[in-house]
Amino acid sequence: GPAYNALLDFSWEIDLWGKIRRGVEADKATAAAAADAVHNVLLGIQAEVASTYFQIRALDAEMRVVREAVSWRGEALKIAKARVLAGAGSELEEAQSETEVASAEAEISALQARRDQLENVLAILTGANAASFHLPVNASELRSPPTLPAGVPTDLLERRPDLSQAERQLAAATAKIGVAKAMFFPSLKLAGNGGFQSGDIDILFEPTSLLWSYGPKISIPLFSGNKNRFNLSRSKSIHDEALAGYRQAFLAAVADVETSLSQIRNYATQSSAQQRARSSAERASQLAK
């Protein structure tokens, strides 16, 4: 006849060879690598937001200068027209002045289009609706970005999440080798089950239907068909791949940091030269006036 069961199984494995301990170690390293991957994505978004913001502010400053140029070229056009009316100038000078004014006005439109594009990019990066997102124009001088802290490039490398992710992946692969090695040894589990079993559902949960058992369970890998050996070889190959990935990540991080530091040094030199050029241009403008 039919048999009705309401059973619960349980087991607990004694960690004789460190298999469970190394498995937990591998899982923790994998979780840490996943967290570093998320951090790396967030850091990239933050860097993109900062870069886009400073590009927009640079365009604001450039458009302010071009608008001043349009004003001065408009004054020059008035002078050219007055000279033509007075017979002291040529229509060629007037046409050239008109061309300069139109070119400057077209340049403002091109800069504004570029600013609108960057503003939409910034809206996407911040999760805002591009149609309603607007960053007011900053008419003041462009502030300098924050300076780098002391102790580069070593300290910067230690803070890079991509390098930390590669290191955690290597640690996980190393721990999994220990798990694969432990599979060659016997495992001991304390297993049991308990519950109710009866051929009549009306007395299923009666004391007479109670059923339970417990005891040790030993597994000896005698006939695994080379499965454990192949699993160990696979774990070692994954470790070698993770080691190569870590080395590649380290070399790429060093190159990235060195490139960025070189750009910063060159930008500082370029900024100093442009400051001197600006001072000379302001003096020339005063003399021209």
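Analyst: Below, each label is set against its cut-off. The model is predicted, so local features need pLDDT of at least 70 and side-chain atom pairs count only at pLDDT 80 or more, while totals for chains, interfaces and linings use all residues. Residues are numbered from 1 along each chain as its sequence is written, and side-chain values use heavy atoms, with hydrogens and water left out.

User: Great, let's start with accessibility. Why is Asp60 called buried?

Analyst: Asp60 has a relative accessible area of 2%. Buried means under 20%, exposed over 50%, and partly exposed in between (1.4 Å probe, protein chains only), so Asp60 is buried. Arg57 at 9% is therefore buried too, and so is Arg115 at 1%.

User: What makes Asp60 and Arg57 a salt bridge?

Analyst: A salt bridge needs a side-chain nitrogen of Lys or Arg within 4 Å of a carboxyl oxygen of Asp or Glu. The N to O distance for Asp60 and Arg57 is 2.8 Å, so the pair qualifies. Both residues lie in helix H1, three residues apart, which is about one turn of the helix. By the way, helices (H or I, at least four residues) and strands (E, at least two) are DSSP runs, numbered from the N terminus.

User: Which residue in helix H2 pairs with Asp60?

Analyst: That is Arg115, whose side chain meets Asp60 in a salt bridge of 2.5 Å, N to O. The pair links distant parts of the chain, with Arg115 in helix H2 (residues 91–125) and Asp60 in helix H1, 55 residues apart.

User: How do you know that Arg57, Asp60, Arg115 and Glu119 belong to one network?

Analyst: Arg115 also forms a salt bridge with Glu119, with the closest N and O atoms 3.2 Å apart. Salt bridges that share partners join the four residues into one network. Arg115 and Glu119 both lie in helix H2, four residues apart, about one turn of the helix, and both are buried. In the whole structure, the search finds 11 salt bridges.

User: Why does Asp36 have no salt bridge?

Analyst: The nearest side chain of opposite charge, Arg168, is 5.9 Å away. Lys and Arg count as positive and Asp and Glu as negative, while His and the chain ends are not counted. Asp36 is buried yet has no salt bridge, because 5.9 Å is not within 4 Å. Asp36 lies in helix H1 (residues 19–85). Leaving aside residues up to four places away in sequence, Asp36 touches Pro161, Ser164, Gln165 and Arg168, where contact means heavy atoms within 4.5 Å.

User: What makes Tyr53 and Phe54 an edge-to-face pair?

Analyst: A pair of aromatic rings is described by the distance of the centres and the angle of the planes. Rings of Phe, Tyr and Trp (its six-membered ring) pair if their centres lie within 6.5 Å; planes under 30 degrees apart count as stacked, over 60 as edge-to-face and the rest as tilted. The count by this rule comes to two aromatic pairs. For Tyr53 and Phe54, the centres are 5.7 Å apart and the planes stand at 80 degrees, so the pair is edge-to-face.

User: Are Tyr53 and Phe54 buried, exposed or partly exposed, and why?

Analyst: Tyr53 has a relative accessible area of 31%, so Tyr53 is partly exposed. Phe54, at 29%, therefore counts as partly exposed as well.

User: Why is Ser187 called buried?

Analyst: Ser187 has 15% relative accessibility, so Ser187 counts as buried. Ser187 sits in strand E2 and, apart from residues up to four places away in sequence, touches Glu13, Lys19, Lys217, Ile218 and Ser219.

User: What makes a space a cavity rather than a pocket?

Analyst: On a 1 Å grid over the protein atoms alone, a cavity is a set of points where a 1.4 Å probe fits but cannot get out, and a pocket is an open set with protein on both sides within 12 Å along at least five of seven lines; lining residues have an atom within 4 Å of a point. The whole structure has one cavity of 30 Å³ or more. The largest cavity has a volume of about 50 Å³, and its lining includes Trp17, Phe185 and Ser187. Grid points are joined across faces, edges and corners, and a volume is the space filled by probe spheres set on the points.
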